[in-house]
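Please keep the sequence and the 3D view at hand while reading.

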Amino acid sequence: MIAFDSIPDLTGPAPGAGRSTALSGLRPSRRRTVLKAVALGALTIGSSALTLPGRARAETGPNALTGWDRTDCRDAYPTGYPEDADTGGEFVGTYAACYAGAWRSSEFCEGGWHKYGTVTVGDVQVDHMPVATTCGTVTAKNAWRWTTPDGRVYRCSDGFSTYWGGGHTGQTYLTICRARV
């Protein structure tokens, strides 16, 4: 343990200390300037390191749903997965990003996540319910991210959509919201 009285005084050299040869070629005022610059540089580097992004953390969406953050999906699916083309929406005909589900489309999205609630499309009522039980092989979450070969990143958010009317009698399907992030 260090005794308080053994800490050297900042205003002068420690008793019995010899003269430092570091920066000895500079005038005392210049030495202080150099030392201040070194200290400022260390503080700048230290504070910059605090603002750098850390490990990927699961993002949180509406209704406290969580998703995977990595853009190669290795956190959710360590061996990867075969992407499926979108079945509707604005990304039909582009690189596939999501997989599984009866349908994959931006039309199942609201605010970048799977819709929640009831909508009417023509004479069909659709009940959307995001779920956090299908995405991932070990730990299930609601969504994952994927980077397509053109460098664009998408969120694939899972949900169930139940259809009533127009020939449907309450059929429920796994549907995937594909949103650009």
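The structure holds 2 disulfides. The model is a predicted one. Counting the bonded cysteines along the chain, the disulfides follow the pattern 1-3, 2-4. A disulfide is a covalent bond between the sulfur atoms of two cysteines.

**Cysteine 98 and cysteine 156**

- Cysteine 98 is joined to cysteine 156 by a disulfide, with an S to S distance of 2.0 Å.
- This pair links distant parts of the chain, as cysteine 98 and cysteine 156 are 58 residues apart.
- Cysteine 98 sits in the loop between β2 (66–67) and β3 (103–105), whereas cysteine 156 belongs to strand β9, residues 153–165.
- The link of cysteine 98 and cysteine 156 is left-handed, with -85° about the S-S bond.
- Cysteine 98 has a relative accessible area of 0%, so it counts as buried, the cut-off being under 20%.
- Cysteine 156 also counts as buried, because its relative accessibility is 0%.

**Cysteine 109 and cysteine 177**

- The sulfur atoms of cysteine 109 and cysteine 177 are 2.0 Å apart and form a disulfide.
- The disulfide of cysteine 109 and cysteine 177 is right-handed because the torsion about its S-S bond is about 110°.
- Cysteine 109 has 16% relative accessibility and therefore counts as buried, which requires a value under 20%.
- Cysteine 177 is buried as well, because its relative accessibility is 0%.

**Valine 92**

- Valine 92 lies in the loop between β2 and β3, and cysteine 98 is placed in the loop between β2 and β3 too.
- The relative accessible area of valine 92 is 45%, so this residue is partly exposed, a class that runs between the 20% and 50% cut-offs.
- Leaving out residues up to four places away in sequence, valine 92 touches Asp86 and Thr87.
- Valine 92 and serine 106 are 14 residues apart along the chain, and their C-alpha atoms are separated by 9.2 Å.

Note on methods. Residues are numbered from 1 along each chain as its sequence is written. This is a predicted model: local features need pLDDT of at least 70, side-chain atom pairs count only at pLDDT 80 or more; totals for chains, interfaces and linings use all residues. Side-chain values use heavy atoms; hydrogens and water are left out. A disulfide is a pair of cysteine sulfur atoms within 2.5 Å. Helices (H or I, at least four residues) and strands (E, at least two) are DSSP runs, numbered from the N terminus. Buried means under 20% relative accessible area, exposed over 50%, partly exposed in between (1.4 Å probe, protein chains only). Contact means heavy atoms within 4.5 Å.
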